Amino acid sequence: MARRNTSTYGFAKTSGLLNAQIRKASESRGFAQSRLLTHWDEIVGADIAAMARPVEVSYSRQQGLGATLTLLTTGAMAPLLEMQKEQLREKVNAVYGYNAIARVRVTQTASTGFAEGRVAFGHAPKAEKPEPSPEIKAEAHKVAGDIHDDGLRQALERLAGNVISKSRQ
């Protein structure tokens with residue numbers, strides 16, 4: 001008797017229920033390793049994952065050994081990905097454990113058409129700027145203290161705080 005993937009109280013884990021469907025969908029696109037789809041951000045990094053998504057792995061007799069990985073991206077990001085194709089190929093082959101991918105192709109639409117090609121690419125999260133120290137704030141306030149317009153004074157204090165912070169680095 002096969003043991004079901006269950007957690008407490010007899011409920012099946014969602015990942016266990018979806019494994020078969022994920023495997024079927026990924027294999028229909030040529031992905032022998034569904035991990036390439038499910039862990040794309042971890043494999044290529046957040047910067048590349050924000051620019052591109054894997055669409056398909058295709059095998060062709062004319063191409064010889066190895067497969068072609070097709071990546072979907074927006075028009076502005078295509079040149080950036082073109083320059084990083086070799087690093088991407090190495091990262092993806094590390095997932096497979098051997099040189100499964102011989103070529104990386106960058107496309108601006110999905111290979112199956114425009115309906116499936118609409119992919120929302122997110123922006124990389126902005127790095128949080130640290131709050132200036134009280135000493136820097138006091139020095140910036142001193143620089144802009146003679147300005148009577150509140151909006152202008154606050155803007156100049158922020159600018160002075162940024163300049164003082166940069167100069168101390």
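Predicted model: local features only at pLDDT ≥ 70, side-chain atom pairs only at ≥ 80, totals over all residues.
**Entry 1: the sheet.** I started with E1 and strand E2 (residues 67-73), which pair in the antiparallel sense over 6 bridges. Strands here are DSSP runs (E, at least two residues), helices are runs of H or I with at least four residues, and both are numbered from the N terminus. Two strands count as paired if DSSP finds at least two bridges between them.

Residues are numbered from 1 along each chain as its sequence is written, and side-chain values use heavy atoms, leaving out hydrogens and water.

Arg53 has Leu72 as its bridge partner in E2, and Pro54 stands opposite Leu71 in E2. On to E3: E2 and E3 pair in the parallel sense over 6 bridges, with Leu72 opposite Thr107 in E3.

Put together, I get an open sheet of 3 strands in the order E1-E2-E3, with mixed pairing. Strand E1 (52-58) and strand E3 (101-107) are the edge strands, each pairing on one side only. The twist averages 25° from one strand to the next.

**Entry 2: what covers it.** Helix H6 (residues 85-96) packs on the sheet and touches E1, E2 and E3. Its direction makes about 125° with that of E3; axes are lines fitted to C-alpha atoms, for helices over the stretch in contact, and angles run from 0 to 180 degrees between N-to-C directions.

How much of E2 is buried? I find 7 of its 7 residues buried, where buried means under 20% relative accessible area, exposed over 50%, and partly exposed in between (1.4 Å probe, protein chains only). In a regular strand, side chains alternate between the two faces of the sheet. In E2, Ala67, Leu69, Leu71 and Thr73 are buried on one side, and Thr68, Thr70 and Leu72 on the other.

**Entry 3: Arg89.** I checked this one in helix H6. Arg89 is buried, with a relative accessible area of 17%. Leaving out residues up to four places away in sequence, Arg89 touches Asn99, Ile101, Ala102, Arg103 and Val104; contact means heavy atoms within 4.5 Å.

**Entry 4: Leu159.** Last stop, helix H9 (residues 150-168), where Leu159 sits. Is Leu159 buried or partly exposed? I get partly exposed, with a relative accessible area of 49%.
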